[in-house]
Amino acid sequence: MYKNYINGKWVDAKSGENFIKINPATGEEIGSFPYSGKEDVDDAVKSAKEAFPKWSKLPLPDRGAIMRKFGDLMMEHKEELARIETQEMGKVLKETRGDVQEAIDTAYYAFGEATRFFGHTVPSELPNKICLTFKRPIGVAGLIAPWNFPAAIPCWKMIPALLSGNTLVLKPSREAPWTSTRLIELLIESGVPKGVVNLVQGPGGIVGEAISKHPDIGVVSFTGSVETGSRIAEVAGKLLKRVSLELGGKNGQIVMRDANLELAIDGVLWGAFGTTGQRCTATSRLILDEEIHDKFLAMLIDRAKKLKIGNGLDEGMEMGPVISKSQREKIDKYVQIGKEEAKLECGGNFYTDNKCDSGFFYEPTIFSGVNKNMRIAQEEIFGPVLAVIKVCGLNEAIDVINSTKYGLSSSIYTQDVNAAMQAVERIEAGITYVNGPTIGAECHLPFGGVKNTGNGHREGGWTVYEIFTEFQTVYIDYSGKLQRAQLDD
Ligand code: NAD
């Protein structure tokens, strides 16, 4: 039985209630976790608020050293963390190892950032006066995470929040409570003092909502669906909190007639069926130039049918289950819609074999004959379903890729540098790849999307530190007299 971590202690939910987490590959129980409520969030925020003054005064390099230690510990426990992740959310081991590595890289990046937490020094418009800026922590950060990157996403949030001098309350998804528990244990071992990090497990509508509404939380960082994100924007925005939202996607890969087709096939297979299609950056639309459409589609179907599907703990598997029974049903509903709208080329069913019968597996599914306005081309399915759209030339390809309300990731395969640069300039997305799939972000670069994918913030790299800090502008006048900006000659 797992617990919350509040004010330096592992505790049950005040209500005493728990929820059970299931392994999506086997249907077996992983463990029970606290079904927390508002009162648990109140305790966690109180603890974080009390810990803030001391933690925020600790010199940045000292906080950086704790993050480095955290990175070292994750490295030491990389295989254990990867196996925990695979069991709780189903991704194959190769991918969960990558997920943990991203968390490790984030910790080491923060260690470096600790000694270069730059402000600006700028000239004044008046003599004998200087102007500079400092980045200051905000206070208590409320962090709400999804389940598809159980190590990387909580770490993308916790590490920069802590390095910046904030204290925090983390609420993981109910579908990924175990990895977060282990991460908090390792953070404690790294030397984070009592009260600085707090973990509250439980349902989003109660725990997440209580975080978004709490008057003592200064910044809410959320990754998840558009629906939940807009609810948080409404609740936390009304209270004038800083709110960072990283939301869904309907990402497209364009393949032009001059592309290296083998390379583009590798890209789309990885982009569409890696993480069983459950990435915010997953390729869910494939936009094919009419000249190569038929040949490429045939090659793709052949390769998709050969993907090795099974329990992610078995080395060599290429695609695991989807996260839950209800998610599998949602995917299947979209497949039924797709069958009415377009042509099913392969997949389209629950995947079963002797080993997979108790898990939530779905076949890699491809539709052709899709047009840009169909529901399967517009709505985020979050599963192994790919919609193929035929276009004529670059202009139509760009028009199609831009035709959704989302704008997270995008990709173009071409050997023509002019076409590639046209696409880079005209695609409406936070991330664009040339001759690479839509997935595979590196943690030292800004990550996020335009349009309904977010609200303008960028996690990752140096930009995430703007989410977790406030600028303080300082003017120092050493003229010894009253100088009035804009008024004095
Ligand atoms: P979700 O929105 O259902 O849940 C995300 C988190 O929000 C969970 O912890 C959940 O418990 C919590 N939550 C639910 N209701 C809430 C409420 N009313 N107030 C506050 N919190 C609440 O998303 P999910 O199913 O966990 O993840 C899948 C979604 O996340 C997809 O849409 C995917 O595209 C998106 N995602 C985006 C990114 C990105 O960086 N852009 C990364 C990964 C996933």
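Which residues of the largest nonpolar core touch the most other members? They are M74, L168, L187 and V197, in a core of 43 residues. A nonpolar core here is a set of buried Ala, Val, Leu, Ile, Met, Phe, Trp, Tyr and Cys residues joined through side-chain atoms within 4.5 Å. Buried means under 20% relative accessible area, exposed over 50%, and partly exposed in between, with a 1.4 Å probe and protein chains only.

The model is predicted: local features need pLDDT of at least 70, side-chain atom pairs count only at pLDDT 80 or more, and totals for chains, interfaces and linings use all residues. Residues are numbered from 1 along each chain as its sequence is written, and side-chain values use heavy atoms, with hydrogens and water left out.

Leaving aside residues up to four places away in sequence, V197 touches Y5, L162, L168, I184, L187 and V192; contact means heavy atoms within 4.5 Å. A second, separate core has 30 residues, among them Y362, V391, A397 and I427.

A polar backbone atom of A145 is 2.7 Å from an oxygen atom of the ligand. In T228, an N or O atom of the side chain is 2.8 Å from a ligand oxygen atom. For L247, a backbone N or O atom lies 2.6 Å from a nitrogen atom of the ligand. The ligand taken alone exposes 850 Å², and the protein buries 87% of that (Shrake-Rupley method, 1.4 Å probe).

Note on methods
Polar contact = N/O pair within 3.5 Å; in protein donor to acceptor, adjacent residues only side chain to side chain.
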